[in-house]
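Hello,

Here is the structure you asked for. Please open it next to this email, and my notes follow below.

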Amino acid sequence: INPRCAAALFLLGRTDAALAVRPAWEEALLARALAHMGIASGLEDLLREGEGGEEADPSGEIFDPTAEDDRIAQQAVEAALALDPASPRALSVQAAFRYLAGDEAGFDGSCARAWEADPVCGDMFYWVARRVEDPRDMRPAREWARRCVERDGRHLGALLLLGRACLNEG
């Protein structure tokens, strides 16, 4: 690039700025998908007013996704994958979505793609554990969290969930 060409430097600066915010776009899309799956991700602050739909209700009420929730979650995951088709985080959310929708073959396929990009990725198990977490019966959440910890022994969220589940059992 010619350093004397102001237009080239301007475009280069805009490209760098766009690439710098790209991870935030992916985070916001994944937060939106997780919110519509009934999973509190901790990324809700990335959702703008009116875009996130209903977040997971912490009062203990059971989340019952609608067809519209499924459509929005699927679109958000596809948009995140359009930004980076090999993103283990986006593939993990896609895998969790597919499992919760009853598509076990799709779950296995998304897991395999995520593990190609990151062999220790266990986020899909963590998201499913968060979705099936029930204070009255923590066994399903414990098993999913255990699978996540087996894959990634340093996954703090899964370790905390596993500890809570064990404490809950007594």
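Is Glu68 buried, partly exposed or exposed? Glu68 is partly exposed, because its relative accessibility is 41%. Buried means under 20% relative accessible area, exposed means over 50%, and partly exposed lies in between (1.4 Å probe, protein chains only).

This is a predicted model: local features need pLDDT of at least 70, side-chain atom pairs count only at pLDDT 80 or more, and totals for chains, interfaces and linings use all residues. Residues are numbered from 1 along each chain as its sequence is written, and side-chain values use heavy atoms, with hydrogens and water left out.

**Overall fold**

The protein has seven helices and zero strands. Helices (H or I, at least four residues) and strands (E, at least two) are DSSP runs, numbered from the N terminus. Of the 170 residues, 35% count as buried.

**The core**

The largest nonpolar core has 35 residues. Such a core is a set of buried Ala, Val, Leu, Ile, Met, Phe, Trp, Tyr and Cys residues joined through side-chain atoms within 4.5 Å. Met37, Val93, Phe107, Met124 and Trp127 touch the most other members. Helix H5 (residues 123-132) is mostly covered, with seven of its ten residues buried. Met124 and Trp127 are among them. Leaving aside neighbours within four places in sequence, Met124 is in contact (heavy atoms within 4.5 Å) with residues including Ser92, Phe107 and Trp115.

Ala141 sits in helix H6 (residues 139-151). Ala141 counts as buried, because its relative accessibility is 0%. Beyond its neighbours within four places in sequence, Ala141 is in contact with Ala129, Val132, Glu133 and Leu161.

**Salt bridges**

The count comes to nine salt bridges. Each is a side-chain nitrogen of Lys or Arg within 4 Å of a carboxyl oxygen of Asp or Glu.

Back to Glu68. Glu68 forms a salt bridge with Arg71, and the closest N and O atoms are 2.4 Å apart. The two are three residues apart in helix H2, so about one helical turn separates them. Arg71 is partly exposed, at 37% relative accessible area.

Glu133 has two partners. Glu133 meets Arg130 in a salt bridge (3.9 Å, N to O). Glu133 also pairs with Arg164 (2.7 Å, N to O). Glu133 lies in the loop between H5 and H6 and Arg164 in helix H7, so this pair ties together parts that are 31 residues apart in sequence. Salt bridges that share partners also join Arg142, Glu143, Arg146, Glu150 and Glu169 into one network.

Best wishes
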